[in-house]
Amino acid sequence: MEYWSIGVLEYWGLSHHSITPSLQHPGFFKEVTMAEVVNVKNIGLRGVTVADTKVSFIDGEKGILIYRGYRIEELAERSSFMEVAYLLLEGVLPDKKQLESFDRAVKAARELPGFVYDSLKRWPKEAKPMDVLQAAVPILAMADPDLEDESREANVRKAIRLIARMPIVVAAYHRIRQGETPFQPDESLPHAANFLWLLHGRKPDSETARDLDTCLTLHADHTFNASTFACREVVSTRAHMYAGVSAGIGALSGSLHGGANAQVMRMLLDLESEKDIPGWVRKTLERGDRIMGMGHAVYKTMDPRAKFLKEMGARLGKKTGNERLHQLSMLIEQAGLAEFGRRGKTEIQPNVDFYSAPVYHMMGIPGDIMTPIFAISRASGWCAHIIEEKFGEAQGKPALYRPQAEYVGQYCGLMGCTYEGINRRTA
Ligand SMILES: CC(C)(COP(=O)(O)OP(=O)(O)OC[C@H]1O[C@@H](n2cnc3c(N)ncnc32)[C@H](O)[C@@H]1OP(=O)(O)O)[C@@H](O)C(=O)NCCC(=O)NCCS
């Protein structure tokens, strides 16, 4: 509130929380009119800039996503998830030696401590893998020798352990819930290939491993989405990285966020024998339900990651004999675009989850492991944001997040309401 004077606020009948931060700049006296002042309550912080970041950038109008200056398309085509994770954490692309050393460190950190396996074995076999992952992260914290060390270097080491171990937890729990013994990580396999090996017990062909690696790159970061904000908010209290990542996993699990991919898969399976897709889309919207995998809080055009995954889905459909599934996705997309267009909502277009779900299905990944895959990729972005938050790397100094809310509940004045003993209360 640097640039507002209380006198001006009172003149407009405003209090701090009802001022759009975009108006907080020098020279506002000339530029701002009453019509431009919006109330920022209950809009999910849309359009409210809460921090600076150097990690990633989105142009929602043009459908552009950039990590540390690099376009997502170029990274997806030419880079690898390990390289992208290094880029996000360190801010620059690694040279060959740095990449080899980072890759070695991730591989060396893959082994889970015995007590983590023991915990996983005790949990109900019906538990949701996202709950298991969220619960396992603080348990991993207990095995981190750097937990008390809050230097940047130690936080990078924690990030490496999280990136290495979260996939192992997901795959191990998947085996355990089937009554099987988890497979051991394979030193010779790169990150994505090792995950598929641990999940399925067979080594993937190089093309499938490369495709999953590309998916991990595409999901690695996305500015101040709900889960990243949750991570940053938690560590702004000086809580450790594991506490932040665990909060991020919780936020990601919701169906409006990362949980949407599992819902998309459910929709596709439900619609396998549906003949009238446009009719189904129309009825769904008439009921006030959402088409999962469409729409985005920031993109007003097609999500650039969805374009990539759509092409991958077409190729994998042919390769795996799942062309019908890919065609079904395209039919829902077309019908959705037409119906949203008729309703004047042309900005509602496929997002990352719309085509990642069928892609994962074609890789043999179960529906409830799809959101955990999002998490094992996003761990890299979360950790980069956590480090940025902890060390004030994009702005002056770290600050505890503490927004305000307007109290609209019962109020009996500053002395408080009269507390009646329980026997004197009437319903
Ligand atoms: C992601 C999402 C929450 C972003 O939406 P948003 O920008 O915050 O906007 P809102 O949720 O306020 O929606 C705005 C309007 O569009 C409608 N809308 C947005 N996405 C829709 C969808 N997928 N299906 C149907 N209607 C949708 C809302 O119902 C709302 O309609 P109204 O104005 O008549 O109430 C929303 O698009 C959505 O729920 N999508 C489906 C879930 C999903 O795929 N999530 C993953 C995101 S990566």
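Helix α7, which spans residues 129-141, comprises 13 residues and extends 19 Å from its first C-alpha to its last, close to the 18 Å expected at 1.5 Å a residue. Within α7, the buried residues are Pro129, Met130, Val132, Leu133, Gln134, Ala136, Val137 and Leu140. The cover over these buried positions includes α6 (114-122), α8 (152-177), α12 (241-252) and α18 (370-390).

The model described here is predicted. The protein chain has a mean pLDDT of 91, and 91% of its residues reach 70 or more. Over residues 1-35, however, the pLDDT is below 50; this stretch has 33 contacts in the model beyond near neighbours in sequence.

The strands β1, β2 and β3 form an open sheet in the order β1-β2-β3, with antiparallel pairing. Strands β1 and β3 stand at the edges and have a single partner strand each, so one side of each is left without a neighbour in the sheet. In general, the strands of a sheet pair through backbone hydrogen bonds, in either a parallel or an antiparallel sense. Strand β1 (residues 56-59) pairs with β2 (residues 64-67) over four bridges, in the antiparallel sense, and β2 is joined to β3 by two bridges, also antiparallel. Ile66 of β2 can be followed across the sheet: this residue stands opposite Phe57 and also opposite Arg71 in β3.

Strands β1 and β2 together form a hairpin with four residues between them. In the turn of this hairpin, Gly63 has a positive phi of about 70°. The side chains of a regular strand alternate between the two faces of the sheet. In β1, Ser56 and Ile58 make up a covered face, whereas Phe57 and Asp59 make up an uncovered one.

Two residues other than glycine also show a positive phi. Leu45 is placed in the loop between α2 (28-31) and β1. Because 16 other C-beta atoms lie within 10 Å, Leu45 is partly exposed. The other case is Arg68, which has a positive phi of about 45° although it is not a glycine. Arg68 lies in the loop between β2 and β3 (70-71). With 19 other C-beta atoms within 10 Å, Arg68 is likewise partly exposed; the cut-off for a buried residue is 20 or more.

Seven residues from domain 1 and 11 residues from domain 2 take part in the contact. On the side of domain 1 that touches domain 2, three residues are nonpolar, three are polar and one is charged.

A further loop, between α13 (260-270) and α14 (277-286), contains Lys275. Lys275 counts as exposed because it has 7 C-beta neighbours inside 10 Å, and the cut-off for an exposed residue is 12 or fewer. Lys275 and Lys121 are separated by 154 residues in sequence, and their C-alpha atoms are 43 Å apart in space.

Terms used:
Residues are numbered from 1 along each chain as its sequence is written. This is a predicted model: local features need pLDDT of at least 70, side-chain atom pairs count only at pLDDT 80 or more; totals for chains, interfaces and linings use all residues. pLDDT is the predictor's confidence in each residue, from 0 to 100. Two residues are in contact if their C-beta atoms, placed from the backbone, lie within 7 Å. The expected span of a helix is 1.5 Å times one less than its number of residues. Two strands pair if DSSP finds at least two bridges between them. Ala, Val, Leu, Ile, Met, Phe, Trp, Tyr, Cys and Pro count as nonpolar, Asp, Glu, Lys and Arg as charged, and the others, Gly among them, as polar.
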